[in-house]
Amino acid sequence: MPKCIKFGWFLPYAPADNEYGAWKHHYIACVSNLDWLTPREAAAVYGTLNEPKTGDEELQERQREKCLRKAIWEKIALRKKELLRVRPPWGSGTRCWRLLESRYQPRLSQTSRGRVGLQEVVEKQLVSASLEALPRRSNVSGSHSYPLLSKKSWRGVYKNDDSSSRASQPHVVLISSRIPAYEVVVDSVRAGVISVVYEHSGLTLESLLYLIEKALDGKRAQSLGVFSDGNSREIHLLQGYKIGIKNLLRPEARDFWERLGSYVAPEEEGGHVDLFVPLGASEAGMEVLSQLSQLTGTLFTAPTGIATGSYQHILSDWLGRPWERAPPSIYFSESKLQVWSSLTDFLEDTLKSARKQLSPLFKELQKNISGRMIGQFVFDTMNMANILNNQGIAQALAEGLTELSKENSDKPLEFLSYFLLKKCSKKSKDLEGNVVLTERGPEAASGPSAKERNVMEDNPQDKKSSRSQNDPNFEVLVQLEKKLQVDSAEKRTKVVRELLQSERRYVQMLEMLRDVYVTPLRAALSSNRAILSAANIHIIFSDILQILSLNRQFLDNLRDRLREWGPAHCVGEIFTKFGSQLNTYTNFFNNYPVVLKTIEKCREMMPAFRAFLKRRDKTVVTKMLSLPELLLYPSRRFEEYLNLLYALRLHTPAEHVDRGALTTAIDHIKKYKDYIDQMKQDINMKEQLSDIQRVIWGCPPLSEVNRYLIRVQDVAQLHCCDEETSSSSRLYEHTRDLSLFLFNDALLVSNRSTSHTPFERTSKSTHQFIASVALHRLLIEDISDTKYIKNAFILQGPKCEWICATEGEDDKFLWLSVLQNAIRSSMEK
């Protein structure tokens, strides 16, 4: 630790109690990568040089060190004067004054450590001052910055618009780039709906609001959809912003939702915000929706579905007015959205290669336009529209043939044609019935039962008095209460059945691993024609077979309980017992990287195993999945467990016996899911940093604990031709192209060069490492727009300075917003 503090290398996080060697690893990482200085560079900063010097060099070093000491003592004297000025007259020599003095003066035993500590304080003050000096809102590039509007002013912005005509109020949907195969989702957006594709990492809440304002262009939205990642308790809106009940009322999150609600028409005019996250399936999610509706005065809706699988909940029932059409049909083409929700994982794998090939061609286009192009290309290639139509026709024919086999008709073709006509007419009548219900919905909902329910909710204290009187509506209230209890019991039964069905499918997938892979490999080993050795079979399949045994027992318990299921029965105790046996899963996840490496090694070195996998992988028996893809299922199952448990507790009354056991089971499963998520996050961060290190030539090692990439911004580096002229008349020349890699603790600057290949349209970019600056030592200065320069700013480190300019005003605002937020976060650690 003393060595690190001497050079100003402070840990970017607080070590845990049982974490040993943190300072040692941090020192090694700093010496070997970003913060390492050559002897000459160290001499310029610290005034020391361990190389033999000539007489002139020795004299220059002494003069530089003398000037450095003089500057430090001047800063110390200035700080003492400031402390004396703010010191209360009664505090001289007392304990309070010593505490105040110790707050500003570092207590380091060595002189060099004291210097570094004081220099650190001064640098942080300068960085904070540079952040405060930047414009606060979207007009970043110019000098006409304006303060944030108050909540009352937000509503007033749209008063001049014709809010009564819904034709002028568009539907807007936000689509996160974290959604797998988000290009197909963008391609599913209906005509007339405004889609805004935003980066999950590299944005702040302020910059996301800026994108919404730009898309609306002064209008007010009839409805606004937020299509992002999340679960039944919280919304993963942006990187570092998981909005849940615990942090919903924090100033930054509250300000975001209040302003977001101001962009939508009032609830009286039919305005609503649709969150494509299953918040309606848990008590915490329902509380989030309630808080948001109260906070903004706008109706917030979310799906109530408990369907397991990849994003299947989106197509289920939604909270809100029953006479309105479901939000997915407002924003999206349902056929395309259904294809996406069914084939999300496969589409994401396909789009990884499609993005790599097509993104350079659409680099200059906006993200939502290029995403729609790529999504349309993939969707047309799959030709899924014809497949869906053929599935409907095949289903109708199968039903007709089934009826034909029962009737044994002498004229099969006539019977089949009559059956299909009857089915077609029945479907059209159902559609007409839905239309009638939709048209009569508001009047029906405003009937006496709905009114009585509102009265009962608004005036709970009058409930007893109304019962004591001979109220003619008392029977209606009693019937309504019974109906709610019956609905709760039915929904609870529905959740338990979904749990049983999903568990049966999960166990079948695990049994597929055993039957398709393990059994033939063991049979070959027993017959002295081994494809894999016994040791390799044990390494790859032993943990997954133990998981199969555990979940088969869990499935049997669920099946036995559901056979005699009733409203008073419980499943929480079954889950609690299952949660106490999760060591089997822990062994699997700890050995998971070794399992995958063993599979790859055996595939490369053993031709028999390679041929075996070629015959077994991606067949009808394995549901077109390979062995590594089948091993993904255990990690995804815990999210489904958690959603189903929250939904089950939501529909379990407070006085029910099962409620306490469900809460205990939720705690067990949630802790284990957090453990899995942390493992995923660590692996993804390491892969991301290693990819960046391979891309940048000459880049030092980047891997360090808790470091991750936030955003990459391409800029042009400028050089001021004449600094003595006024700022409005200065001329700048473009010297080279830079790429700025923003991490949570440092900014890496690289030189970006572009090369073209003969007869090829696309270009190839290469990066050369230039420098890196710790965020708490980085100063930012805005440059106002003139007729000679646009969208420029200055980044100043301890040794270097870069005058940069982005391609557009939006890029500058988004970049500076993210950079400010990252600097503040690094200074707070």
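Ile 783 has Ala 792 in S15 as its bridge partner. The model that holds this pair is predicted, local features need pLDDT of at least 70, side-chain atom pairs count only at pLDDT 80 or more, and totals for chains, interfaces and linings use all residues. Residues are numbered from 1 along each chain as its sequence is written, and side-chain values use heavy atoms, with hydrogens and water left out.

Strand S14 (residues 779-783) runs antiparallel to S15, and five bridges join them. Two strands pair if DSSP finds at least two bridges between them. Strands (E, at least two residues) and helices (H or I, at least four residues) are DSSP runs, numbered from the N terminus. S15 also pairs with strand S16 (residues 801-805), again in the antiparallel sense and over five bridges. Within that pairing, Gln 796 has Glu 801 in S16 as its bridge partner. The link from S15 to S16 is a hairpin of four residues. Strand S15 (residues 792-796) is mostly covered, with four of its five residues buried. Buried means under 20% relative accessible area, exposed over 50%, and partly exposed in between, with a 1.4 Å probe and protein chains only.

**The sheet S4-S5-S6**

Three strands form an open antiparallel sheet in the order S4-S5-S6. Strand S4 (229-230) and strand S6 (241-243) each have a single partner strand, so one side of each is left without a neighbour in the sheet. Strand S5 (residues 235-238) is joined to S6 by three bridges. His 236 has Lys 242 in S6 as its bridge partner.

| Pair | Bridges |
|---|---|
| S5 and S6 | three bridges |
| S14 and S15 | five bridges |
| S15 and S16 | five bridges |

**Leu 550 in helix H21**

Leu 550 lies in helix H21 (residues 534-563). Leu 550 counts as buried because its relative accessibility is 8%. Leaving aside neighbours within four places in sequence, Leu 550 is in contact (heavy atoms within 4.5 Å) with Phe 578, Gln 581, Thr 584 and Tyr 585. Between the C-alpha atoms of Leu 550 and Tyr 585 there are 9.5 Å, and the two residues are 35 apart along the chain.

**The protein as a whole**

The protein has 28 helices and 16 strands. Of its 829 residues, 42% are buried. Among contacts between residues at least 6 apart in sequence, 67% join residues at least 24 apart. The accessible surface is about 46100 Å², and 53% of this belongs to carbon and sulfur atoms; such areas come from the Shrake-Rupley method with a 1.4 Å probe, and for residues only the protein chains shown count as cover.
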